[in-house]
Amino acid sequence: MNTDNNAKVPAADPFADERLKRTHFYPRAAQLNIRDAWSAWNGYKFADYYYDAEYEYFCVRNGCATYDICPMQKYFISGADAETMLNRMVSRDITKLNLNRVTYLCWCTDAGRMVDDGTVFRLGADKFMLTCGSPSLAWLRKSAFGFNKLSIIDMSDEIAALSFQGPTSCEVLKQMGLEGIDSLKPFNIIHFPFGDSGGNRDDKPLMVSRTGFTGDLGYELWIKPELALDLWDALYAAGENYGIQPFGEAATNMARLEAGFIMPGMEFNEALKTIHFQHDHSPFELGLGWLVDFKKPHFNGRKALLKERDARPEYTLVKLDIEGNKPAEESHLYSDKRCNHEIGYVTSAMWSPVVKANIALAMVKTKYLQGDIWAEIYYVKELRHYSKTVRCTLQDKPFWAPARTRATPPLAY
Amino acid sequence: MQHYDTIIIGAGHNGLICATYLAKKGQRVLLLEASETLGGLAATREFHPGFKAAVAHTVSHFSAKVARDLNLTAHGFDSPMVPMPTVGLNAAGEHVVLTGIGVDAEIIGVSAEDAASYRQYRQLLQRFVELLEPFWLKTMPRVGDTRWSSLLTFAQLGLKMRLLGKQDMGEFMRLAMLPARDLMDENFDSELLKAVLSWDGLIGSKMAPRSPNASVLTLLYRMSGELGGAHAIPSGGIESLVQALYSAATASGVEVKIGARVGRILIQGNSDGLKTTGVELADGEQINAARVVSSTDPQRTFLELVGVENLEIEFTNRIRRLRCDGYVAKLHLALDGLPNFTGLAKPDGRMIIAVDMDAIEFAFDDAKYGGYSQQPVMEIVVPSLRHESLAPEGKHVLSAHVMYVPYKLKGGWTEDARAALCQRVIDTVAVYAPQIKAQILHSELLTPQDLEQTHQVTGGHWHHGELSVDQMLMMRPTYEAAQYSTPIPGLYLCGAGSHPGGGLMGGPGHNAARKILE
Amino acid sequence: MKNYDAIIIGAGHNGLTNAAYLAKAGLEVLVVEKNDYIGGAAASREMHDGWVYSSCSYVCSLMRQTIHRDLNLTRHGLLLVPYLGSLCFGDKGEVLISYTDPEVEYNALRRHSPHDADAMFRFHTDLGRYAQLIRKTLLRTPPDPTSWRPRDIKELLWLAKEFWALGERELYEYIRFFTMSAADFLEDYFENDLIKASMASPGIIGTALGVQSPGSAYILLHHVMGDVDGNIGAWGLARGGMGAVSSAIAGALQEHGGEIRCNAGVKQILVENRQAVGVMLENGEELHAGIVVSNLDAKRTFTQCMDKNDLPEGIYEKAKNFKIRGSSGKVNIALSALPKFTGVPENHYINRGGQVFAGSLESMERAYDCWKHGRWSDDPFIESVIPSAWDPTVAPPGKHWMSNFVQYCPSKLANGPWTPEQRDQFGQSVIDKIERYSPGFKDLIVHMEVRTPFDIEAEIGLTEGNIFQGELTIDQLLFNRPFPGYAQYRMPIKNMYMCGSSTHPGGGVSSACGANAAREILMDLKRSNTVPEDDCYDE
């Protein structure tokens, strides 16, 4: 299933099969990737950063920036049984999701362990789009077994998606001519005409959702591959005076940590890809209990989750404010300063440039949440290794949650 | 609207047994049967005017305890039964004949060494049969269940194995997983004898003599009971057993409704979760009950009657992937007279057509690819010899289980395909009973697909699912449903798809009732 | 005449490992070998000018790295290089290319089936989980479940605990996996037949079972539970061929003062007063030793190298019934150039891996059916590798050596004994099949060596040419291997032991059988243990 872009690799290339796939925005993104800093995501060549990760991060916080989310998995789930099927699979109540709304949710194994998290878009009474970070087709098919009026299509390669984040993102979209974008509420979807369809008001190939993974004001733009580069060009033209800039995985990781969002492979292992028991996670451990709706009579993992809620999970994911300025990457956590009694570990950590704090997400044994938490931090100064033990303070709220993220229309910036 | 304590779906023998046990304890029980006859695969039906037959043509290990508990003798079932000889047919009339029961069976047509080996072999197996026997009528505990009674069951099994002694225990753990072929080769020389003895480990399943891991366990399962693996036909026929079960059921107050096909099992959900509330018949009528017990196969029960939206995903997948494609076809012949098998005075016995284990193996090979063998192997009885009312006077019925006939035939089971197979089977029988073709008044061949349709068994599988290690004991049909209760409160299983399994045995019905009454 | 502490019969890799550990513990040991070369089935032999064939076994993944490290095998010349993916050819000419890089692998699978590309993650996770438990048992002596000795009970409890810790769901999955067929097992993961065939292929290698035979899923695991540097499922090539494994272990043996004698086939194990006292060689020479360790398979040991009268009652019968079936042949081909395969890009990342001519599940099963009828497969399953693509020592520069492992091939033909003509026909069927996927292949052939199970038995001494020294079915695994009651390497005759692949954990170039046997021997001799118990990787 080579994408069109792949066809651009010369046929004579003996390594064509081994090369990573290129996203629909690759021709533009490659030009801007000054450092050729690529990593991989779902088989796609994917920017780690373009020039300077921290600069890109500040574009998200200070202006606007794009993040190529083509490699994200996208599935169309449609048919008369679609709602029932999804509602049984996920722990939130999908029946409450209105047309042109998006919701963040997770789904679990029978044992209540998290398979993955993602978002569901309701695009019609019987039509949904599910997006998630890693391939989920096998689980979706398994979940779909027994439902006859249902189709699941893997659209991952067939939709170009661009995340557009930052305080000036709304303004830029307005400049691009997306009328009424400022009245789009968080988690809402709106469709716009684009490209050739200008004359035909009913043809609205550009879908915009007010969603993102940065904890800031932001949108995600969805369009068919043929219009991908046009979209990029239009957006970059409109954003020229607003400092538009692409950002990569590194900056995303910074922004999402400040917002307190979890990342697969960092905060949690997908249950079906976990060899060792107890190395996977339940939504309660990850602080996602709010995604579990026990008012629903049945959904996958309900019994096990109910049990876990009552017994409390062994670990709980928490946000930590840590003394000093050395990021507590991979630190172990203790209940005492002498590091005798281990109670957890840090999953992601960084120095937050906007809030000027040393922040982290960490897994802490639930029964020790009330007491002291100390982190043993290893750090390097000019190749000499040091360690120190510092106090951690629990944080309830995300480290970064500006009002503009949720305000409609977005506050001027 | 009527309200019952328990509704049981399916009036096969397990449904009848479960219903009776519950009713005897004072429950109001409604037993619903989709077809017009009782007994499921044991139901006797007229396949030609004046000629009758049942898919299950003999009785072998029907539980003595069930017969006693339900007082079946008083209801007309004559137990104990007279065992039939088992005959390995040879075209030249040099048959191998086993008569009698278990260790004491007499065997003719083989060398003195084989006869002696047989006794040794049978004694060894008998010790294993006795080891396992108590567990067929127990509820197998869930792994991880730390209740005293559950641990006791495991401890008991462990202890009993230890008590076999060093030698036998070691042998048991080796033999349990051995392919039938190796077990036979280790013990006997006569090819025909090997084929005959391996037959009971293989029939009904998707296994051949070379297939490891389940046939010996199946053999031991079938050797349980008073007949020690021998087969019999009660003088009143299989009919009399079904009739006795029905009579026992109604006598204890079970309400039986035939022609009542269940469309779905009613499940109600609220913030406390799901709960079974009754059933809805195909005609839309709803009947409420505190619990519903299904004796129909697990796939039909869960995937059709319950519906996947009420089940968990991995559980659904485990039910979906249950291996339950049938590989046995049924042949019924209405005969003008008693068939004459070369070298047999009277065809009174269970006659097996399989000259050697390779014949079974190669017949199986075709079925693997969705075909059937041109040299089918089969088990034949003439039930009308023992149960006279199956045919008009002087006339007879021949009944055969034909292996290996796939559920899914390449190209589909068309009329022509069925007729071609029927002809092939008759030709094969004629090798051993040369005059038979002239005696045939009517022939009927039921493929696994026909059995599925007429008896509402998914895949047409006798046992509602292969008797293979991963689908046995506390894994039958799958964990979370192996103790007769299911993930949905108020829904139980009591059919052959549950432990201990299929065959006219009664274990699942008995065990399920005990579980429900707990 | 010299009286040795121990004589080991057979200089295969397990015999050498066993001897090396005994020598390391200070015993005077002698390994006697019937052939004029060491290594048994793990040998490198120059069969054609400039070409060195690994005539029998050809890959290495089960080799315990604890032993590798412990015996300093690297210093003795062993270098293992992991495979880089593989090719799998389908009946219709379709090709599945597998890669070691997960992203590239994902894309490759996605070209065949997006569903299966996703399912593969779960498949590898599950296999990893199953492998993890079994791997823990590899360097442990199986307990005797019928015994009341504290050691057995302790070991049995350990096993029970490990299984119990899996929990209900996994225990169920485990039993399922252990007892079912590879085809049924894969059905739960994949939809694409070529992917299934490719994944099923380890399930039949070396066994007399088909992909549809219950029990083949375990064989699959047996082939993928090995690792190279902790990468479970990875396969490796020994630089210089499999003989490098044997010669490295022999080097360790000699370093510790052990002796090896070639051209010294054993005619009989000498028994006096129900105690093994030595061996009589084929030339009539008698060698005496405190203990005798047989690295031959169980059937050969008891039915050919011992006097039936020396054996306790029933042992001969057990050995006779021991299932050791020849089902695989080997074709080694010297090539004048690297073959090209239709539909496969020519690049060196791809050719540094295996080639599997699997066809489909059905054609694999049909290949097995032929074996049941006592003939070689009309359309054989072939697993190939071209080690010369990255091992410069096995073929002249620019030339290549292709190892082809072929299923199925019976040790006895239904229509009489193997003749040279029939062997040639068998070899022909193999190159005919390869030619179908690599037009012009035949023109590249410089030399070809064909080995049927009959030939393997005749030369190597493996009964029926079975590569595992006995089928890996549950009735012959763990405490049932080779027979119940004799799974702890001690044989019914005092001072006699077994150390070959007929014992736990079974076939494969793992050195585990030999090492485990050495541990038991040292225990009996009340010597301190020199054999490692646990693997280096913290799993």
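Tutor: Two residues are in contact if their C-beta atoms, placed from the backbone, lie within 7 Å. This is a predicted model, where local features need pLDDT of at least 70 and side-chain atom pairs count only at pLDDT 80 or more, while totals for chains, interfaces and linings use all residues. Residues are numbered from 1 along each chain as its sequence is written, and chains are lettered from A and ligands numbered from 1 in the order in which they are written.

Student: How many residues of chain B are in contact with chain A, and which element of chain B gives the largest share?

Tutor: Chain B brings 16 residues into contact with 16 residues of chain A. Strand 11 (262-270), strand 12 (273-281) and helix 11 (313-320) of chain B each supply at least two residues of that side; helices (H or I, at least four residues) and strands (E, at least two) are DSSP runs, numbered from the N terminus. The largest share, 6 residues, comes from helix 11 of chain B.

Student: What radius of gyration does chain A have?

Tutor: Chain A holds 8 helices and 19 strands, and its C-alpha atoms fill a box of roughly 70 × 55 × 50 Å along the principal axes. For 413 residues a compact globule would come out near 22 Å, by the rule of 2.2 Å times the number of residues to the power 0.38, taken over C-alpha atoms. Chain A agrees with that, at 22 Å.

Student: What share of chain A counts as buried?

Tutor: A residue is buried if 20 or more other C-beta atoms lie within 10 Å of its own, exposed if 12 or fewer, and partly exposed in between. Of the 413 residues of chain A, the buried share is 51%.

Student: Which residues have the most contacts inside the largest nonpolar core?

Tutor: Such a core is a set of buried Ala, Val, Leu, Ile, Met, Phe, Trp, Tyr and Cys residues joined through C-beta atoms within 7 Å. The largest has 469 residues, and helix 9 (residues 237-251) of chain B gives the most to it, with 8 residues. The residues with the most contacts inside it are Ile7(C) and Val245(C).

Student: Why is helix 17 of chain C described as largely enclosed, and which strands of chain C do its buried residues pack against?

Tutor: Helix 17 (residues 512-524) of chain C is largely enclosed by the rest of the structure because 10 of its 13 residues are buried. Among them are Ala512(C), Arg519(C) and Leu522(C). Besides helix 1 (13-24) and helix 2 (65-70) of chain C, the buried residues of helix 17 pack against strand 14 (286-294) and strand 20 (496-498).
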